[in-house]
Amino acid sequence: PKKLALVVQADRGLALPSDGSWPRVRAGVAAAAPDAGKTWEFVLARAIVDAVAGDGGAFWTQYAGVLPPPEKLAHPFLLSDAELASLQDDDLAAEGRNDAMRIAALMPDLMDAIEGGERGEHETAVGAWALAVVRSRAMLAGLNTYAVVPFLDLANHATIPSVDYRCEGVETRTNGIGIAPQEKDATTFELVALKPRKADEELRLAYTRGQLTSAAHFAQYGFAPPGGSPLDRIDLIGGDDGGGVVRASARLRAALKRATKAALTRCAGEEGGGEKHAGWVAAAASVSAAFGSGDGDGDGDGDGDGDAATVETLLARVGAIESGYATTLEDDERALDEINEAVGDARDERAGNILGLRAGKKRLARRVAELLRELREA
């Protein structure tokens, strides 16, 4: 029922269960509060804190118990300095530090450490934890409207989903693809199976439909998509040697298309092929970007020696990128296997998500190198 959801319409208003007092929400939207802290995600974060504190009504007092503890979440602004360094992504670490400072400035009344939320010398502020919950669980509920919807927010992510949701104001069908719009009951959110499922089969949503890079997905949800994102890129242009765009003949470009098609065909027949598909798309796009626009790059026949030199140049750049990582793909995969095999706690899940992001970046580099080796053989 919509009456149990936490709903905020950007710049307009909010709808919260009527039996709650919501004191922290009221304080956050008061005239004296910072305007920048009145955005939808900060208002919803305050509602989450009210719910956990028992000020959100009878239902949310109980439902708050299913929300993840802070040590289970891996959003960059929740990580310690050591964990930020372990991301092996300077831009993402800087974003996490900036977000942490912004949260402290906009929710100064919610900076108390969560009881039991200590991680060594690093403590998690209740407001930061609540914002991470909102970023990873809120869903679109209409034009500029966002909601945390009980039970629907428990659905995990999948690149190829088994379910979708609908509610009044959310268009779930584009060009005839997707589920039909809601017709009978506009007072509820509905979870709809996209195909028949077994009774014990997990229901999964596609969180972004491939619209975020892995790093952006990690910043939003605290984990990277398992198969990577089709928008991910390995920078072969401004790499360590600063070599820029390379010369590529029309023949080499055509060979790249053939190699990409072959890779996508292979992964379609493999287990987990749907997740691998995004990685190969990203790898091909990384190589294609290094080839530049194609202007002045040959007459269509190509220069065999020049093409070979181009491929070797790019292979060397991939090697330089891989050698710059603090750990190898094999190191990260071994560490992930150890976490998966152990009967771990929430801290293991956080470490696993960090490792998943790191391994994904290195796995993309390997795919790029594999495509380039296929071009060399061609």
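Student: Leaving aside neighbours within four places in sequence, which residues is Arg 233 in contact with?

Tutor: Ala 282, Ala 285, Ser 286 and Leu 364, where contact means heavy atoms within 4.5 Å. This is a predicted model, in which local features need pLDDT of at least 70 and side-chain atom pairs count only at pLDDT 80 or more, while totals for chains, interfaces and linings use all residues. Residues are numbered from 1 along each chain as its sequence is written, and side-chain values use heavy atoms, with hydrogens and water left out.

Student: Why does Arg 233 count as partly exposed?

Tutor: Its relative accessibility is 44%. Buried means under 20% relative accessible area, exposed means over 50%, and partly exposed is in between, with a 1.4 Å probe and protein chains only. The 44% of Arg 233 lies in between, so Arg 233 is partly exposed. Arg 233 is found in the loop between α7 and α8 (250-268); helices are DSSP runs of H or I with at least four residues, strands are runs of E with at least two, and both are numbered from the N terminus. Between the C-alpha atoms of Arg 233 and Ser 214 there are 9.7 Å in space, and the two are 19 residues apart in sequence.

Student: Which residues of helix α7 are buried?

Tutor: In α7 (residues 214-221) these are Ser 214, His 217, Phe 218, Ala 219 and Tyr 221. Gly 222 follows the helix and has a positive phi, near 85°.

Student: Trp 22 and Phe 151 are not glycines; what is the phi of Trp 22, and what is that of Phe 151?

Tutor: Both are positive: about 50° for Trp 22 and about 75° for Phe 151. Trp 22 sits in the loop between β2 (13-15) and α1 (23-29), and Phe 151 in the loop between β4 (145-148) and β5 (156-157).

Student: Are they buried or exposed: Trp 22, and Phe 151?

Tutor: Trp 22 has a relative accessible area of 4%, which is under 20%, so Trp 22 is buried. Phe 151 has 53%, which is over 50%, so Phe 151 is exposed.

Student: Which residues make the contact?

Tutor: Glu 41, Phe 42 and Arg 46 of α2, with Arg 102, Ile 103 and Leu 106 of α5.

Student: How do you know that β2 and β3 are edge strands?

Tutor: The open sheet has four strands in the order β2-β1-β4-β3, with antiparallel pairing. Two strands pair if DSSP finds at least two bridges between them. β2 and β3 (139-142) each pair on one side only.
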